Amino acid sequence: MSKTVPTKAMGPPGRPALPPEAEAEIMEKLFSNMKISSGEIAAILARHGVSGDGAVLQEQYRKRLGQRLMASIRD
């Protein structure tokens, strides 16, 4: 059985809902080395089955591209 964290999980405002085990692993690595790369974080989250909804991710990507276009027009 794969564990996935829903995109709309309830949690504190402004803080993503992560499996406690994944968060603990990230914090442990951060505190032991005083740094952690985004690739290492992504690998830990993948190991814990964290994923997002593909349609939502595509919509966010399109909005970001549109915002960049509008910013380039304003500049």
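**View 1. Helices α1 and α2 pack at an angle of about 155°, their axes lying 9 Å apart.** Axes here are lines fitted to C-alpha atoms, for helices over the stretch in contact, and angles run from 0 to 180 degrees between N-to-C directions. α1 and α2 are therefore roughly antiparallel to each other (under 35 degrees counts as roughly parallel, over 145 as roughly antiparallel, 65 to 115 as roughly perpendicular and the rest as oblique). The crossing of α1 past α2 is right-handed; that is, the near helix is turned clockwise from the far one by less than a right angle, anticlockwise being left-handed. On the α1 side the contact is made by Ala22, Glu25, Ile26 and Lys29, and on the α2 side by Glu40, Ile41, Ile44, Leu45 and Arg47. Contact means heavy atoms within 4.5 Å.

**View 2. The whole chain is a predicted model with three helices and zero strands.** Residues are numbered from 1 along each chain as its sequence is written, and side-chain values use heavy atoms, with hydrogens and water left out. In this predicted model, local features need pLDDT of at least 70 and side-chain atom pairs count only at pLDDT 80 or more, while totals for chains, interfaces and linings use all residues. From the N terminus on, the order of elements is α-α-α; helices (H or I, at least four residues) and strands (E, at least two) are DSSP runs, numbered from the N terminus. The average pLDDT of the protein is 85, and 83% of the residues score at least 70, pLDDT being the predictor's confidence in each residue, from 0 to 100. Where pLDDT is low, the predicted coordinates should not be read in detail. Of the 75 residues in the protein, 11% are buried (buried means under 20% relative accessible area, exposed over 50%, partly exposed in between; 1.4 Å probe, protein chains only). Among contacts between residues at least 6 apart in sequence, 44% join residues at least 24 apart.

**View 3. Glu25 forms a salt bridge with Arg47.** The closest N and O atoms of this pair are 2.2 Å apart. Glu25 belongs to helix α1 (residues 20-33) and Arg47 to helix α2 (residues 38-47), so that distant parts of the chain, 22 residues apart, are linked. A salt bridge is a side-chain nitrogen of Lys or Arg within 4 Å of a carboxyl oxygen of Asp or Glu, and the count by this rule is two. Glu25 is partly exposed at 26% relative accessible area, whereas Arg47 is exposed at 55%. Not counting residues up to four places away in sequence, Glu25 touches Ile44, Arg47 and His48. Between Glu25 and Ile41 the C-alpha to C-alpha distance is 9.2 Å, at a sequence separation of 16 residues.

**View 4. Lys29 and Glu40 meet in a salt bridge through their side chains.** The N to O distance is 3.4 Å. Lys29 lies in helix α1 and Glu40 in helix α2, so the pair ties together parts that are eleven residues apart in sequence. Lys29 is partly exposed, with a relative accessible area of 29%, and Glu40 is partly exposed, with 30%.

**View 5. Met34 sits in the loop between α1 and α2.** Phi of Met34 is near 60°, a positive value in a residue other than glycine. The relative accessible area of Met34 is 67%, and the residue counts as exposed.
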